Amino acid sequence: MWQLKNKVAVVTGGSSGIGLATVQRLLDAGAAVAFCGRNAQRLADARAQLMAQWPDAQLLAAQCDVLDPTQMTAFANEVQSRWGTASVLINNAGQGRVSTFATTDDGAWHEELRLKFFSVIHPTRAFLSQLKAAPAPAIVCVNSLLAVQPEPHMVATSAARAGVHNLVRSMATEFAPYGIRVNAVLLGLVDSGQWRRRFDARDDKSLDWAAWTAQLAADKGIPLARLGDPVEAANAICFLASPLAAYTTGGHIDVSGGLSRHA
C-alpha cells in the first residue's frame, strides 16, 4: 500500500485522533509501530483496540511526555532494543490555543511555543541516530494551516505553527545528506477531541453532530463543506513517510478541504 511493510515506525501523540488513525494505517501497511502519549488509560484503551483488530501486530504503547527529553530518550532506546532502528518518525502532538494578542500573557506564550517546538525537537533528537542508520528514513510533522494562514483569535498557536513550518524546511536541508526526508501536513479543520468538546458545549442542543459540523464548515467557508476525517490526514502522513514520496523533502501537503487561501 505505502511500501512500509516491516518498517519500524514511531508516532507521538498516537493514542487518539489523527495519531491513532496514523497508527492504524501503519499497521495496515505491515509496519511495526511504537506510539506514545501521556494518558495511561487512553494508551491502554488504544492498544486494546488495535490488538483486537491486528492480533499479530508488532505494537508498543509507551507512556511518556514529548516535552521531557529523558523520557523520549528512554522511549527511543526501548524501540531500538525491541525492533532495531526506527526508520519513520511521525511528530504529532499538541492542540490549538484560542487567544488574541491582548489575551495571551507571557506564561501562555511560553507554554504554546514550548509545546509546538519541543514536541518536534525532543522526539527528533531522540530518534535521529536511529534514522541516520535506517534505510529510506523519513520524518513527518503534523502541522496546521495556521502556519501559513494565521487567525487573529489563535495568535500564539499561529505564530508557533509558522515556526514549525520553518523548522521542517531547515531540518530537511540539514538532514538531507543522511538521506532523511522531512515533510509535514498542514491541517485545516479535522474531526478531533477538541471539536467534539466544542460540540458538547454548543448553544443549540437541537443540532446533531452532522448539522453542527455542516454549519461550522459553512461559517468557516470550507469549499468541501465538511470537516476532515482523521483517516484522511493519516493517509497524507503515511504517503509522506513512505518510499512513494522518495523525492519529496521540505514539503507540506495541504489537508484542509480547500480552506487554504495561501499561494
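**Close-up views: rings, pocket, cavity and cysteines**

**View 1. Arg196 sits over the face of Trp209.** Arg196 lies 3.7 Å from the ring centre of Trp209. The criterion for a charge over a ring is NZ of Lys or CZ of Arg within 6 Å of the ring centre and within 35 degrees of the ring normal. Arg202 lies over the face of Phe199, at 3.8 Å from the ring centre. Ring pairs join Trp195, Phe199, Trp209 and Trp212 into a cluster. The model is predicted: local features need pLDDT of at least 70, side-chain atom pairs count only at pLDDT 80 or more, and totals for chains, interfaces and linings use all residues. Residues are numbered from 1 along each chain as its sequence is written, and side-chain values use heavy atoms, with hydrogens and water left out.

**View 2. Phe75 and Phe127 form an edge-to-face pair.** Rings of Phe, Tyr and Trp (its six-membered ring) pair if their centres lie within 6.5 Å; planes under 30 degrees apart are stacked, over 60 edge-to-face, the rest tilted. By this rule there are 5 aromatic pairs. For Phe75 and Phe127, the ring centres are 5.7 Å apart and the planes stand at 85 degrees, so the pair is edge-to-face. The pair links distant parts of the chain, 52 residues apart: Phe75 is in helix 3 (residues 69–83) and Phe127 in helix 4 (residues 106–133). Helices (H or I, at least four residues) and strands (E, at least two) are DSSP runs, numbered from the N terminus. Phe75 is buried at 2% relative accessibility. Phe127 is buried at 0%. Buried means under 20% relative accessible area, exposed over 50%, partly exposed in between (1.4 Å probe, protein chains only).

**View 3. The largest pocket has a volume of about 1,500 Å³.** On a 1 Å grid over the protein atoms alone, a pocket is an open set of points with protein on both sides within 12 Å along at least five of seven lines; a cavity is a set where a 1.4 Å probe fits but cannot get out; lining residues have an atom within 4 Å of a point. Grid points are joined across faces, edges and corners, and a volume is the space filled by probe spheres set on the points. The pocket is lined by 47 residues, with Gly94, Gln95, Gly96, Arg161 and Gln194 nearest its centre. Elements giving two or more residues include strand 2 (32–37), strand 5 (138–144) and helix 6 (193–200). Helix 6 gives the most, with 5 residues. The lining has 16 nonpolar, 20 polar and 11 charged residues. Ala, Val, Leu, Ile, Met, Phe, Trp, Tyr, Cys and Pro count as nonpolar, Asp, Glu, Lys and Arg as charged, and the others, Gly among them, as polar.

**View 4. The largest cavity has a volume of about 50 Å³.** The count is 1 cavity of 30 Å³ or more. Its lining includes Asn91, Asn92, Lys116, Ser119 and Arg161. Helix 4 gives the largest share of the lining, 3 residues. By class, the lining has 4 nonpolar, 3 polar and 2 charged residues.

**View 5. Cys64 and Cys36 are too far apart for a bond.** A disulfide needs two cysteine sulfur atoms within 2.5 Å. The count is 0 disulfides. The sulfur of Cys64 is 3.7 Å from its closest cysteine sulfur, in Cys36. Cys64 is buried, at 4% relative accessible area. For Cys238, the nearest cysteine sulfur is that of Cys141, 14 Å away. Cys238 is buried, at 1%.
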